[in-house]
Amino acid sequence: MPIVVTANPKGGAGKSTMTLVLAQVLAQKGATVTVIDADPNHPIVDWRKGSSASSVRVVADRSRETILDTIETEARQSAFVVVDLEGTADLLTSRAIAQADLVLIPFSASSLDAAQAHRAVKLIRDEERTLRRRVPFRLVFTRTKVAVQPQLQRLITKDIADAGLPLLRSQLHERQPYVRIFDEATSLYEMEQSESAQKAILDAERLVAEIIENIKTLNEGVENAA
């Protein structure tokens, strides 16, 4: 079963938001989903304490001694396991990344976030050297402007392309419903379906579809190589 890990050393990059949105969309489509909340602040654990009827299962684990067991146990029970990491270079992070079918690196269109995203890529590259195999990853823009792409974002996109790093086409734009799912402990599908909520769902489903397509393509590549 696919194991997706989200990581970024910088707080506020949209990592936990992307994790929860991904899980909610997958659950809405009928998949069984477990989120392993390994963020020290446990934002998704706090979300699960609310009254949302979403079927997303949430487990907290910040222990490097148990994280592998937790991932393996949840992968036997759920079609998708999504691990929300803090992103720092520690043994827990390394062990989670080593289990990933895909690592997502969310970041906003700022120079600071872009630099931290490159740190996350470096962490993955170091892990690849230890494992002696590739660890698939994708960069993802979050909290981007809806109407106009700022010049800085265009420059960052060009730098990413020039560096040969994989960037997803889909983005999570800066929309209020992504904040509300935490503030109100709800899901995108449970809140009043205003125009804003519908656009947030459309963005989210587009992103999740691209993530799933990438996982399928990567799995096919592994099978062909075998």
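## A walk through the predicted fold

The protein has eight helices and seven strands. Both are DSSP runs numbered from the N terminus: helices are H or I with at least four residues, strands are E with at least two. This is a predicted model, in which local features need pLDDT of at least 70 and side-chain atom pairs count only at pLDDT 80 or more, while totals for chains, interfaces and linings use all residues. Residues are numbered from 1 along each chain as its sequence is written, and side-chain values use heavy atoms, with hydrogens and water left out.

Start with the overall build. The C-alpha atoms fill a box of roughly 50 × 45 × 35 Å along the principal axes.

Next, the packing. Of the 226 residues, 50% are buried. Buried means under 20% relative accessible area, exposed means over 50%, and partly exposed lies in between (1.4 Å probe, protein chains only).

Now the surface. The protein exposes about 10,800 Å², and carbon and sulfur atoms supply 50% of that area. The areas come from the Shrake-Rupley method with a 1.4 Å probe; for residues, only the protein chains shown count as cover. There are 28 positive and 30 negative side chains, and the centres of the two sets lie 4 Å apart. Lys and Arg count as positive, Asp and Glu as negative; His and the chain ends are not counted. Each charge is placed at NZ of Lys, CZ of Arg, CG of Asp or CD of Glu.

Turn to the aromatic rings. The structure holds one aromatic pair. The rings of Phe 107 and Phe 141 have centres 4.7 Å apart and planes at 40 degrees, so the pair is tilted. Rings of Phe, Tyr and Trp (its six-membered ring) pair if their centres lie within 6.5 Å; planes under 30 degrees apart are stacked, over 60 edge-to-face, and the rest tilted. The pair links distant parts of the chain, with Phe 107 in strand 5 (residues 102-107) and Phe 141 in strand 6 (residues 137-144), 34 residues apart. Phe 107 counts as buried because its relative accessibility is 1%. Phe 141 is also at 1%, so it counts as buried.

Strand 6 also holds Arg 143. Its phi is positive, about 55 degrees, although it is not a glycine. Arg 143 is partly exposed at 43% relative accessibility. Ala 185 also has a positive phi, about 50 degrees, and is not a glycine. Ala 185 sits in the loop between helix 7 (176-183) and helix 8 (195-225). At 14% relative accessibility, Ala 185 is buried.

Two more residues show links across the sequence. Thr 32 lies in the loop between helix 1 (15-28) and strand 2 (33-37), and is partly exposed at 42% relative accessibility. Its C-alpha atom is 6.4 Å from that of Phe 80, 48 residues apart along the chain. Beyond neighbours within four places in sequence, Thr 32 contacts Gln 77, Ser 78, Ala 79 and Phe 80.

Ser 111 belongs to helix 5 (residues 111-131). Leaving aside neighbours within four places in sequence, Ser 111 contacts Leu 152 and Ile 156.

Technical notes: Contact = heavy atoms within 4.5 Å.
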